[in-house]
Amino acid sequence: MKPKNNLAIELTESEQKEIGFLAERVNPKGKTKAAYNAEMRKRNKASFAFNKKRATNIGVTHYVWRSTGDSDVCEVCKANDGKVFAYSENPEHGHAGCGNCKTNGYCRCYDEPILPE
Ligand SMILES: [Zn+2]
Ligand SMILES: [Zn+2]
C-alpha cells in the first residue's frame, strides 16, 4: 500500500459529527477575550485529539511540533518548534495546540504527523 502523504482526506459521516464544528469560524464579536480564548483552546484540543486518532490509526507514532513562528509564539512553543514528539507521551506543557503553555491565550501550534515511508 502506498502511504498517503496528506491526511486531509474526506471525512466519514461520524468524523464529520465529531469535528464538523471546527469548520465554523469562531466569531470574537460579543465575546470576552477570555471566552474567545477558552473556545479556541477547546477547538484546538479537539483538533489535536482528532489528528492523533487519525494518525495513530494508520500506524503513525510521532509528530513534528509546528508553531506559527510569529512574535506571539510563547517560549515553550518556540523551544518545541520542529521537535519530534510521540503521540503516546505527555509533554510537560501538553501537546501541540493544546494550550497548556499559554494560560492567557491559546496555543496555535499543530502536529505534523510523521508518516511511514
Ligand atoms: Zn505556547
Ligand atoms: Zn503553541
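Hi everyone, let's start inside helix H2, residues 33-57, where we find Ala46. A quick word on names: helices are DSSP runs of H or I with at least four residues, strands are DSSP runs of E with at least two, and both are numbered from the N terminus. Before I go on, please remember that this is a predicted model, in which local features need pLDDT of at least 70, side-chain atom pairs count only at pLDDT 80 or more, and totals for chains, interfaces and linings use all residues. Residues are numbered from 1 along each chain as its sequence is written, while chains are lettered from A and ligands numbered from 1 in the order in which they are written.

Which residues does Ala46 touch, leaving aside its neighbours within four places in sequence? They are Ile19 and Leu22; contact here means that the C-beta atoms, placed from the backbone, lie within 7 Å. Leu22 is 24 residues from Ala46 along the chain, and their C-alpha atoms are separated by 8.5 Å.

With neighbours within four places in sequence set aside, Ile19 is in contact with Ala46, Ser47 and Phe50. Ile19 and Ser47 are 28 residues apart along the chain, with 7.3 Å between their C-alpha atoms.

Let's stay with H2 for a moment. This helix has 25 residues and reaches 36 Å from its first C-alpha to its last, close to the 36 Å expected at 1.5 Å a residue. That expected span is 1.5 Å times one less than the number of residues. The buried residues of H2 are Asn44, Phe48, Asn51 and Ala55, and what covers them includes E1 and E3. After H2 comes Gly59, with a positive phi near 90°.

On to the strands. Three of them form an open sheet in the order E2-E1-E3, with antiparallel pairing. The edges are E2 (84-86) and E3 (110-113), each pairing on one side only. On average, neighbouring strands of this sheet are turned by 45° against each other, direction ignored; the axes behind that angle are lines fitted to C-alpha atoms, for helices over the stretch in contact, and angles run from 0 to 180 degrees between N-to-C directions. Strands count as paired if DSSP finds at least two bridges between them. Strand E1 (residues 62-66) and E2 have three bridges, and here Val64 stands opposite Val84. Four bridges join E1 to E3, where Tyr63 stands opposite Pro113.

What holds the strands of a sheet together? As a general rule, strands pair through backbone hydrogen bonds, either parallel or antiparallel.

Next, the inside. Which residues make up the largest nonpolar core? There are eight: Phe48, Trp65, Cys77, Ala96, Cys101, Tyr106, Cys107 and Cys109. A nonpolar core is a set of buried Ala, Val, Leu, Ile, Met, Phe, Trp, Tyr and Cys residues joined through C-beta atoms within 7 Å. Beyond its neighbours within four places in sequence, Cys109 is in contact with Trp65, Arg66, Ser67, Cys77, Ala96 and Gly97.

Another cysteine, Cys98, is in the loop between E2 and E3. Cys98 is partly exposed, with 19 other C-beta atoms within 10 Å. Again leaving aside neighbours within four places in sequence, Cys98 is in contact with Asn44, Lys45, Phe48 and Cys107.

Finally, let's zoom out. Read along the sequence, the pattern is α-α-β-α-β-β. A compact globule of 117 residues would have a radius of gyration near 13 Å, and this chain has 15 Å, which agrees; the radius is taken over C-alpha atoms, and the globule rule is 2.2 Å times the number of residues to the power 0.38. Buried residues make up 17% of the 117 residues.

Conventions:
Buried ≥ 20, exposed ≤ 12 C-beta atoms within 10 Å, placed from the backbone. Contact = placed C-beta atoms within 7 Å.
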